[in-house]
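Trainee: I have a model open and would like to learn how to read a contact between chains. Can we work through it step by step?

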There are 2 protein chains.
Amino acid sequence: MFSDEYFMQLALQQAENAFDEEEIPVGAIVVCQNQIIAKGYNQTEKLKDVTAHAEMLALTAASQKLGAKYLKDCTLYVTLEPCVMCAGAIFWSQIGRIVWGASDEKRGFQKIQSKILHPKTQISFGILQEDCEEILKRFFARLRT
Amino acid sequence: MFSDEYFMQLALQQAENAFDEEEIPVGAIVVCQNQIIAKGYNQTEKLKDVTAHAEMLALTAASQKLGAKYLKDCTLYVTLEPCVMCAGAIFWSQIGRIVWGASDEKRGFQKIQSKILHPKTQISFGILQEDCEEILKRFFARLRT
């Protein structure tokens, strides 16, 4: 019963929720020891928030449920290959396993590499660089004392 | 007065808030027509949420303030080069410009490329692939009718 297909079917139900609300239909669930601890579906339109992808909402909900930042013993099921943002969040979560259904040839993290930022976004860096470095050094120095 | 250094100084004040709360000290602000419309500092420990980076909180707050998903005419000031997650969110926001202070040689999005996921995270894909593709096709077909 507790196959990858079983859990993906539940992720698809989440995607159906998004579909019904006229959101791009992607759904996700987080499973820990065969228990569903979190679920989410894309709500970028409803929340007017580009960060409200299914995976992001599910990861945040899973951490709230566990009371822990890291999800090492969990599996994320998601109907579509994560984008770079979600892949970055998945990295930080240290989640144990990720399973997706459809691949995303356009914005999936596996194909994206150099296309991480929007081509219209201008970049500047090095502003107050020393100050911005110093606060980090000061923080980690304090940690070591 | 409204120089990049001026706004970066305000982002640094946000980083100081994080520092004072024993969070890794990164701060961000979003500026639109020389007005600060949002600010944020890293709160991953306090919120037990790996997605609660300064940039993510500032982007979400900016969209709430504007009542719009996209931030085309805005500039994001952040004290540290964004990670891949934040760079992905910045992509989706279509923000007009990004300015950072310190570079992040370890997890900055410019250097990361193939290291997007955590090395311990296992990957599976293609589970219920056709169903997962079909719901997306159905959604976009509906959009076109």
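Trainee: What area is buried between chain B and chain A?

Mentor: The size of an interface is often given as the accessible area lost when the parts come together. In this predicted model, chain B and chain A bury about 7100 Å² between them. Carbon and sulfur atoms give 68% of that area.

Trainee: How many residues does each chain bring to the contact?

Mentor: Chain B brings 80 residues, and chain A brings 80 residues.

Trainee: How many salt bridges cross the interface of chain B and chain A?

Mentor: The rule finds four. Take A:K69 and B:E45: they form a salt bridge, with their closest N and O atoms 2.7 Å apart. Polar contacts are counted too: 15 residue pairs between chain B and chain A, both residues at pLDDT 80 or more.

Trainee: Which element gives the most to the side of chain B that touches chain A?

Mentor: That is α5(B), with 10 residues. Now sort that side of chain B by class: 40 residues are nonpolar, 23 polar and 17 charged.

Trainee: Let me try one residue. Where is B:T44 found?

Mentor: Look in the loop between β2 (35-41) and α2 of chain B.

Trainee: Why does B:T44 count as buried?

Mentor: Buried means under 20% relative accessible area. B:T44 counts as buried because its relative accessibility is 9%.

Trainee: Which residues does B:T44 touch, leaving out those up to four places away in sequence?

Mentor: From chain A, B:T44 touches A:K69. Within chain B, B:T44 touches B:E23, B:D49, B:V50, B:A52 and B:H53.

Methods
Residues are numbered from 1 along each chain as its sequence is written. Chains are lettered from A and ligands numbered from 1 in the order in which they are written. This is a predicted model: local features need pLDDT of at least 70, side-chain atom pairs count only at pLDDT 80 or more; totals for chains, interfaces and linings use all residues. Side-chain values use heavy atoms; hydrogens and water are left out. Contact means heavy atoms within 4.5 Å. Buried area is the accessible area (1.4 Å probe) that two parts lose on being put together, summed over both. A salt bridge is a side-chain nitrogen of Lys or Arg within 4 Å of a carboxyl oxygen of Asp or Glu. A polar contact is a pair of N or O atoms within 3.5 Å; within protein, one must be able to donate a hydrogen and the other to accept it, and residues adjacent in sequence count only if both atoms are side-chain atoms. Helices (H or I, at least four residues) and strands (E, at least two) are DSSP runs, numbered from the N terminus. Ala, Val, Leu, Ile, Met, Phe, Trp, Tyr, Cys and Pro count as nonpolar, Asp, Glu, Lys and Arg as charged, and the others, Gly among them, as polar. Buried means under 20% relative accessible area, exposed over 50%, partly exposed in between (1.4 Å probe, protein chains only).
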